[in-house]
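Visitor: Can you walk me through this one? I'd like to start with what counts as touching.

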Amino acid sequence: MPEFRILDLPTEVQSLVVQHVANNSFVDLYRLRSTCKLMCALVDGRGVYASFDLFKYPWYVGMDNTLLRRCFEEGNPSTLYIKGVEYFYRLDRHQEGLASIKRAADAGFERALYTYAMTRKILWEDEEYFSRFTRESVGKIRKVVRS
């Protein structure tokens, strides 16, 4: 079977591949980044930091503030969630924190959806976001809450 080079694909498809790698593995993303100048440029592209999942980041390496800032600027759901939780629960900046958690929930981040729905239910008896839960997401949330 002949090999197929990723550089032979159109640039849009290459960007989608890099975004998928970013969503799945931080280590693979930086390995991909070190392969060539074109891949380095693709990794530094706009959509990559928006699809990056900080909960898959190797925390033992230490969190770089520029990485967090870049993810936050691009509207990364996991970064919005982390900032929202920090603002709401740690810094008592309730309005900003809840708005950030809501943005992450609206982007489809399940942890944010759970946190936002439960916070609205407990504090304001609002059950609007409970209708967004699917059977699959309830199963995933159960596993996250237990761990």
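Guide: Contact here means heavy atoms within 4.5 Å. Helices are DSSP runs of H or I with at least four residues, strands are runs of E with at least two, and both are numbered from the N terminus. The model is predicted, so local features need pLDDT of at least 70 and side-chain atom pairs count only at pLDDT 80 or more, while totals for chains, interfaces and linings use all residues. Residues are numbered from 1 along each chain as its sequence is written, and side-chain values use heavy atoms, with hydrogens and water left out.

Visitor: OK. What covers the buried residues of α2?

Guide: The cover includes α1, α3 (37-43), α4 (46-51) and α5 (65-73).

Visitor: And which residues of α2 are buried?

Guide: Phe 26, Leu 29 and Leu 32. Buried means under 20% relative accessible area, exposed means over 50%, and partly exposed is in between, with a 1.4 Å probe and protein chains only.

Visitor: Where do they sit around the helix α2?

Guide: Looking down the axis of α2, the buried residues fall within an arc of 125°, so they line one face of the helix. The arc is that of the directions from the helix axis to the C-beta atoms.

Visitor: How do α1 and α2 pack, then?

Guide: Helix α1 (residues 11-24) and helix α2 (residues 26-33) pack at an angle of about 140°, and their axes are 6 Å apart. Axes are lines fitted to C-alpha atoms, for helices over the stretch in contact, and angles run from 0 to 180 degrees between N-to-C directions. The two helices α1 and α2 are therefore oblique to each other. Angles under 35 degrees count as roughly parallel, over 145 as roughly antiparallel, 65 to 115 as roughly perpendicular, and the rest as oblique.

Visitor: Which residues make that contact between α1 and α2?

Guide: From α1, Val 18, Val 21, Ala 22 and Asn 24; from α2, Phe 26, Asp 28, Leu 29 and Leu 32. By class, the contact of α1 with α2 has six nonpolar, one polar and one charged residues. Ala, Val, Leu, Ile, Met, Phe, Trp, Tyr, Cys and Pro count as nonpolar, Asp, Glu, Lys and Arg as charged, and the others, Gly among them, as polar.

Visitor: Now α8 and α9. At what angle do they pack?

Guide: Helix α8 (residues 110-124) and helix α9 (residues 135-146) pack at about 85°, with axes 10 Å apart. That makes α8 roughly perpendicular to α9. Glu 110, Arg 111 and Tyr 114 of α8 meet Ser 137, Lys 140, Ile 141, Val 144 and Val 145 of α9. The residues of this contact of α8 with α9 divide into four nonpolar, one polar and three charged.

Visitor: Different topic. How many salt bridges are there?

Guide: The count comes to seven salt bridges, each a side-chain nitrogen of Lys or Arg within 4 Å of a carboxyl oxygen of Asp or Glu. One of them joins Arg 70 and Glu 74, with the closest N and O atoms 3.3 Å apart. Arg 70 is partly exposed at 27% relative accessible area, whereas Glu 74 is buried at 15%.

Visitor: Which residues are linked in a network?

Guide: Salt bridges link Lys 83, Glu 86 and Arg 90 in a network. Between Lys 83 and Glu 86 the closest N and O atoms are 4.0 Å apart. Being three residues apart in helix α6 (residues 77-90), Lys 83 and Glu 86 are separated by about one helical turn.

Visitor: What about the phi of Asp 92?

Guide: Phi of Asp 92 is near 55°, a positive value in a residue other than glycine. Asp 92 lies in the loop between α6 and α7 (94-106) and is exposed, at 54% relative accessibility.
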